[in-house]
Amino acid sequence: MIDPPPLLAVQDVRKSFGSVIALRGVDLALHAGEAHALLGENGAGKSTLVRILAGVHRPDSGVVLVNGAPVVFHGPADSQAAGIAVIYQEPTLFHDLSITENVLMGRAPRRSFGRIDHAAARRIASALFGELGVKLDPERKVRGLSIAAQQLVEIAKALSNAARVLIMDEPTAALTGEETAHLFEVVRRLRARGVAVLFITHRLEEAFAECQRFTILRDGALVESGPRGAFTPQDVVRRMVGRSLDQLYPARTAHAGRVVLRARGLTRHGVYRDIGFDLHAGEILGFAGLVGAGRSEVMRGIFGIDPRDGGSVEVEGQIVPPGDPQAAMRTGIAMVPEDRRLQGLVMNLSIMRNATLAVPGRVRRGPFVSAAREQGVTQRWTERLRLKTQRLTDPVAVLSGGNQQKVVLAKWLATAPHVLIIDEPTRGVDVGAKAELHQMIAELAQAGLAVLMVSSDLPELLGMADRILVMREGRLAGACDGASASEESVMWLATGQQAALPGLAMGAA
Amino acid sequence: MSGMAMAPPVRGRLALRLSQFRELGLVASLLALVLATAAVNPRFLSPLGIRDILLDVSVIALVAIGETLALLMRQVDLSVSSILGIAAYGAGAVFVAFPGLPIPVVMLLGVAAGAVLGAMNGLLIAYGRVPSLVATLGTLYVFRGADYAWVKGGQINAINLPPTFRHFANAAILGVPVMVLLVIIVTIGFGYYLRHYPGGREYYAVGSNEEAARLAGINVERRLMRGFMLSGAIAGLAGVLFLARFGTADATAGAGMELRVVAAAVVGGVAITGGVGTVQGAALGALLLGVISNALVVLRVPAFWQQTIEGALLLVAISLDILLARHTLWLMRARHRNG
């Protein structure tokens with residue numbers, strides 16, 4: 001008997017973005033009624049693969065096969081027409097429209113003259129939420145919904161498509177245990193109906209409980225693929241990481257010095273409330289929490305980019321006034337923002353110009369900018385940070401993500417800060433450069449710099465931070481010690497729930 | 001999670017009412033303004049006075065409908081006034097050449113010419129990826145310049161127009177001017193389309209989150225293209241009505257109207273940030289601005305104050321929107337934090 005072809009497959013798919021290679025020849029086959037786990041570290045290429053299957057990106061080479069026949073997706077509509085539904089990691093919703101419209105955009109039921117049947121649409125949406133076991137008013141607008149609720153709308157959207165292939169990119173990251181359990185119930189029902197599921201998660205216990213087949217990616221390449229029985233959790237972690245964790249995260253001895261930054265009762269109405277902590281010299285203090293928990297907003301509040309409604313910040317005994325980044329810089333705070341392209345760099349300006357933006361006084365000779373001084377100030381840090389570039393006069397746009405991040409770091413280190421706030425230090429950075437950035441941050445802390453680090457990459461926080469503060473919905477939910485914390489204990493605080501399935505903790509190996 | 005999820009139906013209806021709050025507010029301020037002005041000067045409410053205001057407003061209100069389509073997609077169409085100018089003079093030229101042409105045919109010609117010019121905007125914006133502010137600022141001048149080159153200082157006067165067309169502006173059904181009825185019908189038609197048709201909802205989707213619209217399989221380029229073609233077509237129709245209303249058109253017809261049109265839509269609750277607003281609101285906004293200008297004249301307010309007051313009103317409208325949006329968001333957050 002010949003096996004039916006997989007519902008959806010890719011063969012030898014390659015994709016690069018500029019100088020960054022995201023996928024280097026990946027195969028994947030999704031079979032009817034089977035849940036397939038796609039595993040790998042951040043930056044391993046999972047999301048790129050998802051976006052190729054969704055028709056968002058086109059592979060540079062390789063083929064996508066639907067029912068064994070090669071296809072070319074010209075856009076998301078083609079992928080949807082082929083019966084593929086995708087739940088993205090970050091909700092992509094219409095905030096000004098109702099939940100019902102979000103679920104059924106482009107697929108709303110019609111009545112006479114091609115009009116949308118609003119009542120029927122509402123019933124469909126209600127039924128979907130009933131199936132998911134959540135109560136959401138389908139009439140309300142999406143704006144203002146929590147991230148978890150938004151993720152549920154995304155899930156309902158994917159289910160409404162009557163898809164034959166369901167792709168879920170970390171759907172459970174923001175969900176509570178109960179919601180996650182409901183979701184898996186629905187996934188099992190879909191599988192029984194012959195739907196193929198591709199499931200991306202960082203929670204290995206979910207993969208082992210729900211998936212029959214595993215594929216592991218590392219640095220854009222396929223490491224191994226096979227049935228679940230062929231793997232143990234330890235194998236999976238080892239193959240994902242490809243090296244022991246102590247190589248990825250530098251070993252350091254914490255030596256908490258005196259208090260450098262003291263924050264008390266920081267509040268911004270409706271965003272965060274009553275955040276207080278001490279940051280010591282030489283310490284790396286991690287901020288964990290789900291997307292939308294308010295971590296970046298607290299950092300922006302401390303640095304004065306956003307106003308605060310209450311609370312105080314002191315650096316070395318000096319009060320940092322609210323809403324005044326210039327004053328924050330004078331007291332010795334530096335901030336590497338979350339989105340370096342939008343907030344950290346002027347993409348068209350040279351490396352030199354970018355690296356000296358925060359210290360205009362130091363590169364001036366008389367009223368003019370001196371290229372020699374610019375170069376001097378820049379080189380001091382770019383050499384220490386091992387920036388890979390031909391010329392310092394090149395625009396930063398030509399650099400890879402990791403090297404761009406080094407330029408941002410150089411810019412702020414040139415201000416000789418006491419406190420370095422660094423938000424998502426390695427987002428969109430390839431694994432090699434990531435280890436280098438980690439090494440540098442560790443060295444800076446070793447030299448006495450106090451570091452506040454926000455990251456959505458839990459292994460990164462666990463590997464780097466001396467202490468981790470966990471935020472949930474705008475409040476401090478708790479603190480853990482960096483050495484003894486596990487991914488589970490942090491998630492427990494971040495969601496306020498026990499993880500869906502008790503068991504294996506990864507990353508703490 | 002459960003707190004936020006538990007929104008009872010009553011609250012849903014309240015939320016719905018909140019979105020209509022804007023239009024009710026507009027109607028209320030209109031009524032207050034009309035009554036106050038009439039109390040000072042009763043002639044303000046004379047049938048002739050009302051008719052004049054409605055006729056003045058109808059052209060701007062019509063253009064504001066097309067502008068709303070652009071604004072909903074988080075774009076702007078500044079070229080509408082130039083398209084209107086070309087259509088107004090063009091309609092006159094057609095009447096001079098073919099005095100016997102039926103009025104609806106000339107209207108269709110205006111619509112077609114406007115659609116062609118709008119398509120040029122659409123091509124630049126959807127496929128050339130030129131930001132609409134820049135693209136339509138450019139075509140605002142290009143179209144107006146072409147108009148000057150074509151008209152060469154000429155002018156269409158009421159004398160040159162066929163009598164049927166001259167009477168069209170004054171024609172009325174049950175006391176309501178035909179031009180006003182036409183604008184009301186177009187408003188209701190587009191309002192219905194935007195609310196009840198998948199294509200109409202796409203304008204909101206594109207303006208609310210373009211990335212999400214693409215992922216939902218919406219052809220964003222095609223929607224942009226159609227939106228700007230429609231905006232141009234409506235401006236073309238408005239050009240014909242402009243000629244009917246004023247009986248005269250030269251190369252400056254409609255010049256400077258684009259910002260009044262944007263102002264009308266924004267006062268009417270169409271968000272410049274996209275995804276929010278209705279054509280009914282935009283038309284009401286045009287009516288409110290028109291009533292204010294007339295009221296200021298009736299109340300003998302010096303003419304130079306008029307623009308200041310209109311501008312101030314625009315700022316108040318936008319500030320109210322921002323405050324209201326912030327407050328609602330804050331309420332929602334507070335609700336599911338406590339719940």
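Me: How many salt bridges are there over all chains?
Reply: The model is a predicted one, and the count over all chains comes to 28 salt bridges.

Me: Which residue does Arg189(A) meet in a salt bridge?
Reply: The partner of Arg189(A) is Glu131(A), with an N to O distance of 3.5 Å. The two are 58 residues apart, with Arg189(A) in helix H6 (residues 177–192) of chain A and Glu131(A) in helix H4 (residues 118–132) of chain A.

Me: And what does Arg193(A) form a salt bridge with?
Reply: Arg193(A) also pairs with Glu131(A), and their closest N and O atoms are 3.8 Å apart. Arg193(A) lies in the loop between H6 and strand E8 (196–200) of chain A, so this pair ties together parts that are 62 residues apart in sequence.

Me: Is Arg193(A) buried or exposed?
Reply: Arg193(A) counts as exposed, at 58% relative accessibility. Glu131(A) is partly exposed at 28%.

Me: Now the helices: at what angle do H4(B) and H6(B) cross?
Reply: Their axes come within 8 Å and cross at roughly 25 degrees. The two helices are therefore roughly parallel to each other, and the crossing is left-handed.

Me: Which residues of H4(B) meet H6(B)?
Reply: Among them are Ile83(B), Ile86(B) and Tyr89(B), while the H6(B) side includes Leu140(B), Phe143(B) and Trp150(B).

Notes: Residues numbered from 1 in each chain as written. Chains lettered and ligands numbered in written order. Predicted model: local features only at pLDDT ≥ 70, side-chain atom pairs only at ≥ 80, totals over all residues. Heavy atoms only, no water. Axes fitted to C-alpha atoms, helices over the stretch in contact; angles between N-to-C directions. Helix = DSSP H or I, 4+ residues; strand = E, 2+ residues; numbered from the N terminus. Parallel < 35°, antiparallel > 145°, perpendicular 65-115°, else oblique. Left-handed = near helix turned anticlockwise from the far one by under 90°. Contact = heavy atoms within 4.5 Å. Salt bridge = Lys/Arg side-chain N within 4 Å of Asp/Glu carboxyl O. Buried < 20%, exposed > 50% of the residue type's maximum accessible area, 1.4 Å probe, protein only.
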